[in-house]
Structures are given as C-alpha cells and as structure tokens.
Amino acid sequence: MNKTTSFLKPLMPIIATLYGFAIIYLTAMPIAGDHPGFVGELLTWLITLLGIALTLFLVHHIEPKVFPDARQYTLKLPKISVIVGLLLIAPLWLVAEEYIVYGITSLFHTVKMEPLTYTTAELREDLLASVHAVLLAPILEELCFRQMAISPFRRRGARIVVCVVMAILFGILHVRNFPGAFISAMLYGLVFVGSRNIWCSVTLHAGCNLTATLLAVYCWLGLGDMQMTSTPVIILPDMKVIIASLILAIAGVLLLKKNFSPIEYK
C-alpha cells in the first residue's frame with residue numbers, strides 16, 4: 001500500500017459523504033428553486049443521471065486503481081431472479097422498519113398517530129416524485145454512501161464500522177426521517193458487504209421506495225386504514241398490508257435461496 005492510498009483510505013467515508021451531499025444537493029436544486037412541477041422534476045432527473053454516470057466512472061475506473069481491494073465488489077447486474085427476490089422482500093422490510101422506529105420512538109415519548117389520507121393532487125405530486133425516488137435516487141445514493149465509502153476496505157470489521165458511520169450520515173441527510181433512514185442504510189450496507197454487489201442494495205433500496213409509493217396509492221383508493229406521524233416520519237400499514245408483505249417476502253426468500261450466491265474475491 002503506497003502513501004497516497006494509506007492517507008486517503010481512512011478518509012474515504014468523509015470524501016464519499018461530501019461528494020454524495022454535493023451531488024444530491026445539485027439534484028434537489030431545480031425542484032427547490034424556480035422550476036416547480038414537471039419541469040423541475042425533469043431537470044432533477046437529468047442532473048441525477050449525470051451524477052450517476054460520473055459516479056459510475058469514478059467507482060469503476062478510478063477507485064480500483066487507488067484502492068485495489070475495491071475490486072472485491074462487482075458492478076455487474078445480478079440475475080433477474082435475484083432482483084425480483086429482493087423486490088419481493090422490500091415491502092416486508094419497509095413495514096418492519098416503520099414498526100421498529102415506532103417502537104424505539106415510543107420508549108422516549110408518546111407517539112401520536114393520525115389517519116393517513118391522500119388527496120388526488122397529493123398523490124399526483126407523489127407519483128411524479130416517485131420516478132426519481134424509485135429509479136434514480138437509489139442508484140446515486142448507494143454508489144456514494146455504500147460503494148464509494150465501503151469498497152476500499154478489505155477487513156470485514158472495518159467495513160461494518162464504515163457501514164455504521166455511513167448509516168448515521170445517511171440518516172442526517174434525511175433529516176426528519178433520521179431513525180428510519182439510519183436503520184435502512186444499515187441494511188443496505190450489510191447487503192452490499194454480504195453480496196459484494198452494489199445492485200443488490202440498490203434493488204432493495206428502490207423496492208422500499210416503490211413500496212412507499214404503492215402504499216400512497218393504496219391509501220388514496222381507500223383500500224385500508226393506515227396511521228402516520230410526521231416527526232419522525234412513521235407510517236404504520238394495516239394488517240392486510242402486513243400479511244401481503246409476509247407472503248411476498250416468503251416468495252422472495254425462496255427465489256434468493258435458489259438463485260443467489262455472492263461473488264468470490266480472488
């Protein structure tokens with residue numbers, strides 16, 4: 001290990017975080033500025049795509065040259081069956097995360113839940129934003145907060161420590177939803193470390209965001225009763241959603257058990 005690598009390696013979580021915060025800030029500028037609605041979202045999509053392209057270049061061509069241990073992770077897409085399996089597991093994880101956050105928050109103070117409702121205008125706005133939240137944001141965030149930050153480290157213990165650090169920073173990025181974002185980021189990090197494939201954590205992340213969008217539609221259609229609180233953001237689905245999530249997760253686990261195997265690091 002040369003001096004440059006030795007110096008930069010411990011700093012990679014900080015570098016990745018600053019880089020990630022900067023890119024994500026740029027992607028949010030259009031919708032926070034003078035470009036409301038579809039125009040703002042379109043600009044956000046374009047900036048995010050540029051950010052993804054730049055980050056993929058960095059983690060594929062630059063990072064492995066500076067940190068040879070980064071080659072232990074692959075950028076190849078997993079099997080379709082693995083992607084489907086992870087997507088099927090995502091709803092149960094999202095439900096579990098919400099109840100975990102509710103339980104932890106309840107230890108410190110009374111959590112006042114209110115019925116969750118959606119107007120047509122609110123749903124339309126959420127569906128537009130979900131294009132970015134489901135298809136683009138998970139790729140950019142996982143590349144920055146998992147691939148770029150964790151892959152330079154060879155030892156499992158060091159990778160776990162970085163997972164925790166990045167989960168804290170990822171939670172800070174999500175402000176009001178810190179507890180849920182922290183817990184989910186820990187899962188995404190562990191999935192990345194275990195699978196050695198960033199697309200596995202991207203898929204799980206996208207699946208959780210997709211589930212949140214589908215729950216909004218579910219609520220708008222009046223198919224069930226859900227409760228929520230805004231600080232921290234907690235949404236508690238009803239029993240029908242929980243049962244459906246369990247059934248989907250069982251199917252997802254069976255698919256993964258049959259088709260998934262982590263890559264070998266040589």
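This is a predicted model: local features need pLDDT of at least 70, side-chain atom pairs count only at pLDDT 80 or more; totals for chains, interfaces and linings use all residues.

Student: Which cysteine sulfur is nearest to that of Cys 208, and how far away is it?

Tutor: The general idea is to compare the distance between two sulfur atoms with a cut-off, here 2.5 Å. For Cys 208 the nearest cysteine sulfur belongs to Cys 200 and is 14 Å away, and Cys 208 is in no disulfide.

Student: Let us turn to empty space. What shows where it is left?

Tutor: A probe the size of a water molecule is rolled over the atoms, and this shows where empty space remains. In this structure the largest pocket has a volume of about 1700 Å³.

Student: Which residues lie nearest the centre of the largest pocket, and how many residues line it?

Tutor: The lining of the largest pocket comprises 46 residues, and Ala 133, His 174, Asn 177, Asn 209 and Ala 212 are those nearest its centre. Helix 5, spanning residues 120-135, provides the largest share of this lining, with eight residues. Sorted by class, the lining of the largest pocket holds 24 nonpolar, 14 polar and eight charged residues.

Student: What is the volume of the second largest pocket, and which residues lie nearest its centre?

Tutor: The second largest pocket contains about 270 Å³ of space. Its lining has 14 residues, with Pro 91, Thr 211, Leu 214, Leu 215 and Leu 248 nearest the centre. Two or more lining residues come from each of helix 4 (80-108), helix 9 (198-220) and helix 10 (239-259). Helix 9 gives the largest share, six residues. The classes in this lining are 10 nonpolar, three polar and one charged.

Student: Now to the aromatic side chains. How many aromatic pairs does a search of the whole structure find?

Tutor: The search finds four. To read a pair, one takes the distance between ring centres and the angle between ring planes, and planes under 30 degrees apart count as stacked. The rings of Tyr 73 and Phe 192 have centres 4.3 Å apart and planes at 20°, so this pair is stacked.

Student: Where in the chain do Tyr 73 and Phe 192 lie?

Tutor: Tyr 73 is in the loop between helix 3 (37-66) and helix 4, whereas Phe 192 is in helix 8 (residues 178-195). The pair links distant parts of the chain, 119 residues apart. Both Tyr 73 and Phe 192 are buried.

Student: What is the geometry of the pair formed by Phe 178 and Phe 182?

Tutor: This pair is stacked as well, with 6.1 Å from centre to centre and 15° between the planes. Phe 178 and Phe 182 both belong to helix 8 and are four residues apart, about one turn of the helix. Phe 178 is partly exposed at 32% relative accessibility, and Phe 182 is partly exposed at 24%.

Student: Which residues form an aromatic cluster, and what sits over the ring of Phe 170?

Tutor: Phe 21, Phe 145 and Phe 170 form one cluster. Over the ring of Phe 170 sits the charged end of Arg 146, 4.8 Å from the ring centre.

Terms used: Residues are numbered from 1 along each chain as its sequence is written. Side-chain values use heavy atoms; hydrogens and water are left out. On a 1 Å grid over the protein atoms alone, a cavity is a set of points where a 1.4 Å probe fits but cannot get out, and a pocket is an open set with protein on both sides within 12 Å along at least five of seven lines; lining residues have an atom within 4 Å of a point. Grid points are joined across faces, edges and corners, and a volume is the space filled by probe spheres set on the points. Ala, Val, Leu, Ile, Met, Phe, Trp, Tyr, Cys and Pro count as nonpolar, Asp, Glu, Lys and Arg as charged, and the others, Gly among them, as polar. Rings of Phe, Tyr and Trp (its six-membered ring) pair if their centres lie within 6.5 Å; planes under 30 degrees apart count as stacked, over 60 as edge-to-face and the rest as tilted. Buried means under 20% relative accessible area, exposed over 50%, partly exposed in between (1.4 Å probe, protein chains only). A charge sits over a ring if NZ of Lys or CZ of Arg is within 6 Å of the ring centre and within 35 degrees of the ring normal.
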